[in-house]
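Hi there,

Here is the structure I promised to pass on.

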Amino acid sequence: MQDYRELVVKLCDIIRPFNKDGIDLNEETDLAGDLGLDSLKVVELLVTVEDSFDISIPLNVLPHVRTIKDFAEQLQRLLSERS
Amino acid sequence: MAIFDKLHPISSALQDLKNCGVDSVNVVMERITAPFEAVINGRRTVLAGTNNYLGLTFDQECIRAACEALQQEGTGTTGSRMANGNYAGHIALERELAKFFGRNGAIVFSTGYVAILGMITALAGPGDVILIDSDCHASIYDGCRLAGAQFMLFKHNDIGDLEKRLRRLGKQTENTLIVVEGIYSMLGDRAMLSDIAAVKKNYGACLLVDEAHSLGVLGKQGRGLAEEAGVEDNVDFIVGTFSKSLGTIGGFCVSNHPQLELIRCASRPYIFTASPSPSIIASTREALKIVRARPELRSRLWKNARTLYQRLKDMDFVLGPAPSPIISVRLKDKRKAVAFWRRLLEHGVYVNMVLPPATTDGNPLLRCSVSAGHTPEQVKQICEAFASLRDVSEPPLMS
């Protein structure tokens, strides 16, 4: 199983270009509230994450993703299902 | 009350429009004076936002058939077919649709929206995957949400992205439903169906094509994009609506899969909706005959579509990628869209104003739909109204 800490670090790296205000990124960062991502940006971010991990992320998981922590947990689950 | 809080953004957006003197969601056609003319705000107005592609809403045979059915069978069926039984007309229309599409079976639904919801939710459930083009209609998104299957997007008409996603699914492709549209409703462009059908076949997935805007519009016989692209054998399910080229209301699905009959019993949107009224079924049957018998309507539709597309292009408007019965003027600014739409209405031309988030790229559209029934004078009036937009200044808009 992919290490959770490694996933958080990798996610933060991927999210950095979307962090226009340069706020501090951590597990509790709220993707919509703190980063101000609208729905189009969220989809763009999703595609970048998908390509980085060569995985497809169902849109059904989005309602469960508010923070980077939520995102890492969902990603960890999807990666474990694939392997 | 807190339960209404989520409606506040809608309320303020509507108020912004009203502040600009625009109430685009409450346009009233006070009288319909001709197939493509109505009185709006007391003014004679050409209707260029109807989806009435073949102009059949006033066809005398369709009206006669509807009137006869009204007299003989009444105003409505007052219930679903599962509970109240089938009228002979429902069965006859399904037989005629199956024959028209050269398929083994057909199901008629009460609206196009219900047809999409009914098919997607019956075909895909927990454990399955639905893969849809990102430009698909809201009904397809809603069907995916209701189905309980995992659902994913592929980039609009990007065959590489579709293939990549199928590859990632591995063996799950056998449980995957791909959904695309014949003609996409916002920009009027077509699915790259030959490529999509080939990829689908290669990965062993299932393909559903929504021909809502392409039935009666594309293909030698008017069967839609699958016919035009020569890939009908590779499309598992064709879904469509009666509310566009056929000029009534309702929806359908045709397929060669024998399981289609089981879907009647598995599709809650089919089971729990009142069936189409006898008059609707009767006029739809007549309209379907006309699609088959009068290919000249398609020629006229495309002539009008090419004329309007070229004239708007000559005026330097940014349009969809190719001529189509759906011609959308793409704008960057909501204020400009509102001002333009208002000016068009003042010039006696009604088009659809589509504002984000309903658009595909977050930018507003002024969407025209062309018809075989538009006269050359009406097309000219639409063009002149667009030409008048050059000197429009933009009103302030709060959001």
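A term to start with: buried means under 20% relative accessible area, exposed over 50% and partly exposed in between, using a 1.4 Å probe and protein chains only. This is a predicted model, in which local features need pLDDT of at least 70, side-chain atom pairs count only at pLDDT 80 or more, and totals for chains, interfaces and linings use all residues. Residues are numbered from 1 along each chain as its sequence is written, chains are lettered from A and ligands numbered from 1 in the order written, and side-chain values use heavy atoms, without hydrogens or water.

Helices (H or I, at least four residues) and strands (E, at least two) are DSSP runs, numbered from the N terminus.

First, α6 (residues 138–147) of chain B. Its buried residues are Ser139(B), Ile140(B), Tyr141(B), Gly143(B), Cys144(B) and Ala147(B). Among the elements covering them are α5 (112–123), β5 (129–133) and β6 (150–154) of chain B, where contact means heavy atoms within 4.5 Å. Just after α6(B) comes Gly148(B), with a positive phi of about 85 degrees.

Now α2 (residues 60–73) of chain B. Here Cys62(B), Ala65(B), Ala66(B) and Ala69(B) are buried. They sit on the same side of α2(B) because they cover an arc of only 100 degrees around the axis, taken from the directions from the helix axis to the C-beta atoms. Their cover includes α12 (278–293) of chain B. On the face turned away from the buried side you will find the exposed Gln60(B) and Gln71(B). After α2(B) comes Gly74(B), whose phi is positive, near 95 degrees.

Best wishes
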